[in-house]
Amino acid sequence: MSNPWIRELWRIAALFGGVLFIGWLLGVPHGAFTLALMAYLGWHLYNLYRLERWYYRRKKTEPPNAAGIWGEAFEHIYQMQRSNRRRKKKLATILSRFKESTAAMPDATVVLTEDDQIEWFNKAAKRYLGLQSKQDVGQRIDNLIRHSRFSEFLAKGDFSEPLEMVSPLDAQRYFAFRVVPYGNQQKLLVVRDISRIKRLERMRSDFVANVSHELRTPLTVLSGYLENMMDDGGSELAPWDKCLHQMQGQSQRMTRLVDDLLMLSRLEDEEKAALRDPVAVPAILSAVLDDARALSGTRAHQISLEVDASIWLRGSEKELASAFSNLVFNAVEYTPGNGSIALRWYRNDEHVCFEVKDAGIGIAAQHVHRLTERFYRIDAGRSREHGGTGLGLAIVKHVLDRHDARLEITSQPGSGSVFRCVFDNKLLIKQKSAGSA
Ligand code: ADP
């Protein structure tokens, strides 16, 4: 008989049967039955009392021994208790191993709650961020890392890209802050020292900037002499005319290349925080329109400009002018003569946009995502023909990054392209004079 309840029923039957039989012999069957009932109830109460007492001190002792159904119940509880203990031990080992390995990691690791309060951090976090064991647990992380870019990064909640910024403790070191959301609204903040990578990047960009700078003077001298020779060479240099023209064309191309390289390294170097000035974009665009018409010349493109004159932007005038003119000049260069080019400066609920729509040669889909790479050109010959450097869209991308904006490109080979700069509304400055130019 393996079922404990059947055994229990037999026990009850035997107890009550025996007591009733004796009661019947003695002539008091009712009294005997009541006595048996009370004894049985007493036994249950007693075991209930033992269970309650044991539960009270359960950490130290094993459950009490008992006969019958209570014995079974105690045994089950005991087994449950043992497997819980084993599981707890296993979890504690896993947790302590996790903590040991994270503590030994060279990157700073901080566990944050939903409200960005510090829950736990490793040794590297003490070194990198100056966190102190006891008093900093429970504090908000942005109260301890006091830097506007870090607070903005946390508040924005977009953690797809790490935040790279100078160390809060040492201006010579550079850190990458990465936030990984996990579990129940918690976040893991991982801080990596990227000073070495930054140093290398700086060396590379310094090198490019220095070379470009050094090339500037010889180029100016060469261009100057070439110009003089072409202006005053007279009949002696007439046979060299074609050659001189080519030399001048190439030296102008090199000058543009050097200028673009210098512009790019400046964009990489300068602090983003400097971009706070109000910029009169409508005025920039009407100047760009004039330049574009001059560039188009006899090719007579139909260039139109639709501007919301009430929209100004917070940023850098020089950079925005450079980005917008790059896009517009590309449209002129990659659109056949008489083709239409439409420029628009407008806003909607969330964004402010500058759009250049051309009816040019268009771009095949496989090239679109690579266009902003340096020196990426679909047709290098055609680009060189019009004096392109292959750096224009790289400059555009850098300028937009620095204004927290993005470049959207849609294109259809053969029918034209749309290049759209999308700025966040928070950079918008509304002017009183509204209207279209
Ligand atoms: P480039 O000096 O060669 O124009 P950019 O960086 O400005 O360099 O542009 C990169 C490449 O993107 C160009 O070589 C060209 O192939 C393509 N491109 C840029 N703008 C347009 C456009 N409006 N229509 C078609 N292709 C374009």
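**Domains, cores and ligand surroundings**

The centres of domain 1 and domain 2, taken over C-alpha atoms, are separated by 56 Å. The structure is a predicted model, in which local features need pLDDT of at least 70 and side-chain atom pairs count only at pLDDT 80 or more, while totals for chains, interfaces and linings use all residues. Residues are numbered from 1 along each chain as its sequence is written, and side-chain values use heavy atoms, with hydrogens and water left out.

Four domains divide the chain: domain 1 (4-95), domain 2 (105-193), domain 3 (197-269) and domain 4 (278-430). Their bounds come from an automatic or database domain assignment.

The largest nonpolar core has 46 residues, and those with the most contacts inside it are Phe 324, Leu 343, Trp 345, Phe 354 and Phe 423. Helix α11 (residues 317-333) supplies the largest share of this core, 7 residues. Because domain 3 (197-269) and domain 4 (278-430) both give residues to this core, it lies between them. A second, separate core of 23 residues includes Ala 108, Leu 129, Phe 159 and Val 179. A nonpolar core here is a set of buried Ala, Val, Leu, Ile, Met, Phe, Trp, Tyr and Cys residues joined through side-chain atoms within 4.5 Å. Buried means under 20% relative accessible area, exposed over 50%, and partly exposed in between (1.4 Å probe, protein chains only). Helices are DSSP runs (H or I, at least four residues), numbered from the N terminus.

Helix α9 (residues 241-269) has 29 residues and reaches 42 Å from its first C-alpha to its last, close to the 42 Å expected at 1.5 Å a residue; the expected span is 1.5 Å times one less than the number of residues. Its buried residues include Leu 244, Gln 248, Arg 253, Asp 260 and Leu 267. Among the elements covering the buried residues of α9 are α8 (195-232), α11, α13 (380-385) and α14 (392-402).

Glu 268 also belongs to helix α9, and is partly exposed, with a relative accessible area of 29%. Leaving aside neighbours within four places in sequence, Glu 268 is in contact (heavy atoms within 4.5 Å) with Arg 204, Ser 205, Arg 374 and His 398. Glu 268 and Val 399 are 131 residues apart in sequence and 9.4 Å apart in space, C-alpha to C-alpha.

Around the ligand there are 21 residues, of which Asn 330, Asp 358, Ser 383, Gly 390 and Leu 393 come nearest. A polar side-chain atom of Asn 330 lies 2.8 Å from an oxygen atom of the ligand, and one of Tyr 334 lies 3.0 Å from an oxygen atom of the ligand. From the backbone, a polar atom of Thr 389 is 2.9 Å from a ligand oxygen atom.

Methods. Helix = DSSP H or I, 4+ residues; strand = E, 2+ residues; numbered from the N terminus. Near = heavy atom within 4 Å. Polar contact = N/O pair within 3.5 Å; in protein donor to acceptor, adjacent residues only side chain to side chain.
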